Amino acid sequence: MFEQRSSELEIMDDLEMGGDVIGQTLLELDIINRRLGGNNISLSAFKKLINKYQIKTLADLGCGGGDLLIGMAKIAKNEKKAIHFTGIDANPHIAEYARNHTAEWGNIDFKAQNIFSDDFRKSQFDVVHCCLFLHHFTEAQLIQIFKHLKDQTRTAIIFNDLHRHWLAYYSIKIITHLFSKSYMVRNDAAISVARGFKKEEIIKLMTASNIKNYTLKWRWAFRWELIIQL
């Protein structure tokens with residue numbers, strides 16, 4: 001079951017999905033990612049980058065509710081860095097939720113945009129961040145995405161995604177069925193792990209995308225931290 005990436009679709013792949021389930025799902029995903037340490041991977045990578053490079057813009061692809069952007073905005077404020085953050089999600093209902101959720105932050109905005117669209121591919125950013133986003137795509141799509149992101153990104157790409165492993169799969173399945181009130185989370189969480197990555201698959205993607213300057217680290221809990229420097 002875990003030898004190859006699953007192609008099973010998640011409920012969240014329905015870009016028209018809206019209603020109350022969106023708010024409950026995004027709230028629970030933030031709690032899971034904070035308590036299991038997933039958010040810290042992105043935030044620590046971001047902090048290292050802004051202290052090494054002059055960063056003015058960052059795009060968060062598949063931004064969800066915008067909680068990671070709030071975390072990054074807080075770090076930027078503490079470090080006295082003037083950075084504008086743009087959250088991008090193809091689901092307009094999620095983008096609207098995130099816009100309301102982060103309303104007090106004037107340096108965060110959101111776009112309901114598909115990353116395969118011409119409008120998105122005309123955009124340029126200093127840093128692009130992807131957390132629990134890229135496992136939604138096939139290998140062929142990922143190669144296409146990375147090739148385009150290389151041209152759209154000036155400094156670095158942060159990739160924070162799941163390690164496909166039986167222990168992670170069954171653990172999150174049990175946790176979400178015991179505690180989640182969102183049918184989307186209960187359905188999607190384990191599928192996300194099954195769509196995650198093995199180390200050699202990420203390396204293969206980097207080779208196919210002609211990306212050489214990167215660091216890849218395994219991080220708790222069952223995450224891959226990939227930082228591509230351009």
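Which helix gives the largest share of the lining of the largest cavity? The largest share, 4 residues, comes from α6.

The views below show a predicted model, in which local features need pLDDT of at least 70, side-chain atom pairs count only at pLDDT 80 or more, and totals for chains, interfaces and linings use all residues. Residues are numbered from 1 along each chain as its sequence is written, and side-chain values use heavy atoms, with hydrogens and water left out.

View 1. A search of the whole structure finds 1 cavity of 30 Å³ or more (on a 1 Å grid over the protein atoms alone, a set of points where a 1.4 Å probe fits but cannot get out; lining residues have an atom within 4 Å of a point). The largest cavity holds about 30 Å³ of space, and Ile115, Phe120, Arg121, Ile145, His148, Leu149 and Gln152 line it. Two or more of these residues come from each of α5 (118–121) and α6 (helices are DSSP runs of H or I, at least four residues, numbered from the N terminus). By class, the lining has 4 nonpolar, 2 polar and 1 charged residues (Ala, Val, Leu, Ile, Met, Phe, Trp, Tyr, Cys and Pro count as nonpolar, Asp, Glu, Lys and Arg as charged, and the others, Gly among them, as polar).

**View 2. Crossing of α6 and α9.** The axes of α6 (residues 139–152) and α9 (residues 199–208) come within 9 Å and cross at roughly 50° (axes are lines fitted to C-alpha atoms over the stretch in contact, and angles run from 0 to 180 degrees between N-to-C directions). Glu139, Leu142, Ile143, Phe146 and Lys147 of α6 make the contact with Lys204, Leu205, Met206 and Ala208 of α9 (heavy atoms within 4.5 Å). These residues divide into 6 nonpolar, no polar and 3 charged.

**View 3. Packing of α1 on α8.** The axes of α1 and α8 (residues 183–194) lie 8 Å apart, at an angle of about 50°. In α1, Val21, Ile22, Thr25, Glu28, Leu29 and Ile32 meet Tyr183, Met184 and Val185 of α8. The contact of α1 with α8 has 7 nonpolar, 1 polar and 1 charged residues.

**View 4. Lining of the second largest pocket.** α1 (20–35) and α7 (166–179) each supply at least two lining residues (a pocket is an open set of points with protein on both sides within 12 Å along at least five of seven lines). The largest share, 5 residues, comes from α1. Among the lining residues are Gln24, Arg35, Ile172 and Phe179.

How values were computed. Points joined across faces, edges and corners; volume = space filled by probe spheres on them.
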